[in-house]
Amino acid sequence: MKKYDKLVRNAAGRIVPTEVNGVSQQPYMGVGKYKAVGRKYAPLIASCSDYPDDGNKTLPTLKDALIKSGLRDGMVISTHHHFRNGDIIAIQIFDIASEMGIKNLVWVPSASFECQSVLIKYLEDGTIHHIEGSMNGALGRFTSEGKMNGLGVLRSHGGRYQSIQDGEVVIDIAVIAAPTADAFGNATGDRGSAACGLLGFALADSQYANKVIVVTDNLVPFPCIPWQIQGNYVDHVVVVDKVGIPEKIVSGTTEVTKSPDRLLLAEMTAQFCDEAGIIRDGFSFQAGAGGTALSIGIYFAEILRERGMKARWARGGSNKYLVNMLEEGLLEYILDGQTFDLEGVRSMRENEGHVNSSPFTSYNYHGKGNFSSMVDVVILGATEIDVNFNGNVVTHSDGYLLHGIGGWQNCLHAKCTIIPIPLFRDRIPVIVDEVTTLCGPGDLIDVIVTERGIAINPKRTDLIEKMKNSDLPIKTIEELKAEGERICGKAAKPKLSDEIVAIVKWVDGTVLDAIRKVEK
Amino acid sequence: MEFNAVKIANTGNKGKGIRSDCFVTLELTDAGGLQIEIQSKVAVFFGDAIKKLTSSILEFFGIQNAKLLIEDTGAIDCVIMARIEAAIKMLIKTDKEYLPAMYAENIYSTTKEKNRFSRLYLPGNSPSLMLNAGIHKPNGIILDLEDAVAVDKKFEARFLVRNALRAIDFYGAERMVRINQIPKGLEDLDYIVPNNVNLILVPKCEEAEQIHTLNNRIDELKKQNNISSEIWLMPIIESAKGVMNAYQIALSASNIVAMAIGLEDYTADLGCKRTNEASESFFARSVLVNACRAAGIQPIDSVFSDIADMEALKENVLKSKALGFDGMGCIHPRQIKVIHEFFAPDITEIEKAKRIVLAFDEATAMGLGVVSLGTKMIDPPVVKRAVKTIDLAINMGKLHKDWRNEI
């Protein structure tokens, strides 16, 4: 099987394969242009008679559960990133598979983390054939150097739900690591020693995978309340000593930045939102997990407090800053997609206004609407932005794949998408002629805020009009690019080969771009 | 070519936390041509450009045989130039200068009366802090050659400061340099006077004579370089003796626009501890304010060193303003906003000033020589101060420039 085949130029002008790992693909056609037809994927019908009447689905070990689930060569195995860098279960799965001599598995994580870099050995020895999900850090480097046996497939959080729902990805075995569960398989993430908040990323897997295994270190008597994952979808439950490393579950990127330059970016962004009339009573917002994005929330809170207004809802990544707003009454609801710190976890247990959501409710493009397009303003990061407002989040300017898409692509559908970024990082200009990898079409990116000026997408004539008399430094994106290049110099292009190592899917399942191998 | 005793030169910084800088190791050799090695964090993008720049600098100084290693963490060109030139000048004697082009927007002058609420200290040998200093909009930036630079880095820092004055945009902030103490500081002048420095801070100033010595050298350099724009001075009083001579110092030259107090050294000189309440320096600060006011220049307060505590900074600013100071130093960009906010006139002051100015307008319109507000007569200096307050408030965005029509 060829890694990829049948190259075409898609609507974004990118050369992409229409056959990937033997599966045929639809090239990107433009925002909202591709309409999928047909019915959703359906898992096999199960019978209660095959499951114990007393509801006890526990098995002694993960290995037993994997064997019972029929683990064999070529299967598709899914895991989730609720434990972030404190995950230990994904690695155990492949240790077991390797020990059993199983080959060519496809790993479908909802995101990968640095702690999973040890899986490189299984990519090298053929236990894992390729990854569909995200390839961060060392895994990204490995992929970029063309060392993976199959082609990497990158999807957004919403795209992951969409691909599982549509049957584009058929999961053979889903392993859901849960901080608390009962023997029937009901599971929750909001309590237990490895409490991580919610388990929303595993929702699609629980609904559509052929076999579902719940692994926990905190087995409670039935019923496990709340049941974020419903036991009726679950085949086996395994109790282990330790399901994750609690102190690594809280990510390092969830503290407000102390960098004066980043705080300035946050302040400018908040001021922009204010002057553009976005901050008003009852508005909604979403900010990513980065330090700059978090700080913007703090400025929003200040403005709301000063004027006696409140936000109706915020999309999380929840963290202590959002929780403070909720508890202070500056915010009515947190619609949480993942929980970044222990305050978020606590609030989820205690506050009625702190609500679980999932990639289905928030991001799935093949649904009857989703939350992302209803958000008034979303604040995101990027590694590069080009003069057409196209954005890159997965590769660095040197071509190396280092990050996943996360919810980034999905969030672009907000009413206003703002990307605060420094004009350059260590002499590398961030605003470029053409992004190395296209992850987000410029049609959906509205405002770029840099410390040296703010560029509004010419398509947003409404915003341009509103900011006409602003004291903020409104410039064109070309002016910003020139300013960055004047300081840094014009950067040479990295040497990339024609060989493709991974593809970037758009939210509708089409292929938006291909990532090329980096020449060493 | 005339050589110095040193055979291998090191300049720049490297190691943990260092960014936007480069560490240069240069060794002159007898044969073998130029062996240039570049280890750069941004090699993919700028490796070739750095190599080209490096060769052209060596060539400019007539160096044909040398080993040069550059360990780069993303330094921009003017930083690389400064580092290499400093290394070369440690090894050979030459009067030539390899100068980055002067940014056209860096050529501006400032006025004596300019607001000097905030001036941001930047260590003179740390390029990463210089790049974005201007975006935080301090009234002034200080490239510090004195206490913020280690003794063994003083030489190379001058090149960096010179190049920064030429090729880093500080976005309209008053361009200040704190030179070393006189007489050593006189050597710094060659690097800054020809490069459009707006104001020179004179540390540990104790007597008027030091200012005369300094101005003599500045005038010589201005003549040599054909410079006509003013270079202002801000002496810093940092000792008991300096405090006693403050008024003479303030009057010693017409290009002195402000005088600052440095409390760390002053309290050390007194032999007491510096406290947040600052009662130990009350006398010195009052003397300084009084000397400055008597001489018609701006009194400027010391820095506040707890960069995490914005509430304490605010208290400090309010106290400072109450004592009569016009501004203070900052050691972190986040302090700028607080300093501006609280040195600027507050709402009560603005409202009062508005009433006075309106009363003045009315009196003028009616052809009255005397301005009165209610039953009180307003003296001309009070009107003048009110106008200044209004201008300041408009300047700081606290009052609309069209305020008369908004009432």
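This is a predicted model: local features need pLDDT of at least 70, side-chain atom pairs count only at pLDDT 80 or more; totals for chains, interfaces and linings use all residues.
Chain A contains 15 helices and 29 strands, and its C-alpha trace extends over about 70 × 55 × 40 Å along the principal axes. A compact globule of 520 residues would have a radius of gyration near 24 Å, and because chain A has 23 Å, its value agrees with that expectation. Of the 520 residues in chain A, 58% are buried, and among its contacts between residues at least 6 apart in sequence, 71% join residues at least 24 apart.

Where the two chains meet, 17 residues of chain A are in contact with 19 residues of chain B. On the chain B side, helix H1 of chain B (residues 43–60) supplies the largest share, namely 5 residues, and the composition of that side by class is set out below.

| Class of residue, side of chain B touching chain A | Count |
|---|---|
| Nonpolar | 8 residues |
| Polar | 6 residues |

In soluble globular proteins, nonpolar side chains tend to be buried together. The largest nonpolar core of this model has 272 residues, and those with the most contacts inside it are Ile176(A), Val214(A), Met234(B) and Met259(B). The largest share of this core, 10 residues, is contributed by helix H2 of chain B (residues 77–91). When residues up to four places away in sequence are left out, Met234(B) touches Leu199(B), Leu201(B), Val257(B), Ala258(B), Met259(B), Ala260(B) and Ile300(B); Met259(B), one of these partners, is itself listed with Met234(B) among the residues with the most contacts inside the core.

Technical notes. Residues are numbered from 1 along each chain as its sequence is written. Chains are lettered from A and ligands numbered from 1 in the order in which they are written. Two residues are in contact if their C-beta atoms, placed from the backbone, lie within 7 Å. Helices (H or I, at least four residues) and strands (E, at least two) are DSSP runs, numbered from the N terminus. Ala, Val, Leu, Ile, Met, Phe, Trp, Tyr, Cys and Pro count as nonpolar, Asp, Glu, Lys and Arg as charged, and the others, Gly among them, as polar. The radius of gyration is taken over C-alpha atoms; the globule rule is 2.2 Å times the number of residues to the power 0.38. A residue is buried if 20 or more other C-beta atoms lie within 10 Å of its own, exposed if 12 or fewer, and partly exposed in between; C-beta atoms are placed from the backbone. A nonpolar core is a set of buried Ala, Val, Leu, Ile, Met, Phe, Trp, Tyr and Cys residues joined through C-beta atoms within 7 Å.
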